[in-house]
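Student: I have a model open and want to learn how to read it. Where do we start?

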Amino acid sequence: MDCKDTRNFLSLYMEDALDETAREQVAAHLACCAGCRREAEILLKSWEMLGELDEIEPNPFYVSRFYARLAQQRPWHAPWVDAIRSLFASRRLLPALTALCLVAVIGIGVLQVQLKNHEQERLALAHLDGQDMELLEWFELAENLELIHEIDFLCDLEIIQALDAVETS
Ligand SMILES: [Zn+2]
């Protein structure tokens with residue numbers, strides 16, 4: 001047995017945990033190798049020093065207290081995640097939630113289009129001066145007037161029809 005093997009077996013040798021053949025080989029090497037004897041002495045001394053230290057008894061509640069403390073340290077978003085998870089976990093609510101999500105998505109889309117249209121309108125009107133605006137208002141008024149005329153026209157028609165009915169009867 002060489003030095004490397006002997007040193008690997010040293011602690012087992014000193015614990016008397018080797019089989020007879022290995023124990024004899026280590027003993028034979030130690031008898032003729034001063035370096036490994038010195039290594040064995042160092043190992044023995046460090047074991048003795050460790051033995052002098054008081055053994056520390058672990059607190060029996062240490063582990064359970066550790067897990068209890070760990071459970072208390074939840075991130076701020078944990079309650080939200082739990083709530084959302086429990087919502088989606090109930091199959092009864094799933095269709096409603098899906099519909100709600102769909103409505104929200106469509107709503108956002110519509111809102112974006114409206115905002116875009118409003119923005120385009122605003123940009124178009126931004127180029128107009130006071131005179132143009134007045135003209136525009138006149139156009140709107142004219143359109144409305146046309147509508148009013150059409151209504152009048154319809155009224156007239158009804159009146160004429162009614163009159164015709166009276167005359168023919
Ligand atoms: Zn040796």
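**Reading the fold**

Tutor: Start with the order of elements. From the N terminus on, this chain runs α-α-α-α-α-α-α. Remember that the model is predicted.

Student: How many helices and how many strands are in the chain?

Tutor: There are 7 helices and 0 strands.

Student: What is the mean pLDDT of the chain?

Tutor: pLDDT is the predictor's confidence in each residue, from 0 to 100. Here the chain has a mean of 81, and 89% of its residues reach 70 or more.

Student: Where is confidence lowest, and where is it highest?

Tutor: Helix α7, residues 130-168, is lowest, with a mean of 72. Helix α2, residues 20-32, is highest, at 95.

Student: What share of the residues counts as buried?

Tutor: Count C-beta neighbours: a residue is buried if 20 or more others lie within 10 Å of its own. Of the 169 residues in this chain, 2% pass that test.

Student: And what share of the contacts with a separation of 6 or more joins residues 24 or more positions apart?

Tutor: Such pairs make up 47% of those contacts.

Student: How do I check a helix's length? Take α1: what should its 12 residues span?

Tutor: Work at 1.5 Å a residue, over one less than the number of residues. The 12 residues of α1 should therefore span 16 Å, and its end C-alpha atoms are 16 Å apart, which agrees. Helix α6, residues 94-126, has 33 residues and should span 48 Å; its end C-alpha atoms are 47 Å apart, which agrees.

Student: Is α6 buried or in the open?

Tutor: The number buried among its 33 residues is 0, so α6 lies largely in the open.

Student: Now helix packing. At what angle do α1 and α3 cross?

Tutor: Look at the axes, then the handedness, then the residues. The axes of α1 and helix α3, residues 34-52, come within 10 Å and cross at roughly 30°. The crossing is right-handed. On the α1 side, C3, T6, R7, L10, S11 and M14 take part; they meet G35, C36, E39, A40, L43 and L44 of α3. By class, this contact has 7 nonpolar, 3 polar and 2 charged residues.

Student: Which residues does α1 use to meet α2?

Tutor: T6, F9 and Y13 of α1 meet A22, R23, V26, H29 and L30 of α2. The contact divides into 5 nonpolar, 2 polar and 1 charged residue. Here the axes come within 10 Å and cross at roughly 115°, and the crossing is left-handed.

Student: Is D16 buried or exposed?

Tutor: D16 has 7 C-beta neighbours inside 10 Å, so it counts as exposed.

Technical notes: Residues numbered from 1 in each chain as written. Predicted model: local features only at pLDDT ≥ 70, side-chain atom pairs only at ≥ 80, totals over all residues. Helix = DSSP H or I, 4+ residues; strand = E, 2+ residues; numbered from the N terminus. Buried ≥ 20, exposed ≤ 12 C-beta atoms within 10 Å, placed from the backbone. Contact = placed C-beta atoms within 7 Å. Axes fitted to C-alpha atoms, helices over the stretch in contact; angles between N-to-C directions. Left-handed = near helix turned anticlockwise from the far one by under 90°. Nonpolar A, V, L, I, M, F, W, Y, C, P; charged D, E, K, R; others polar.
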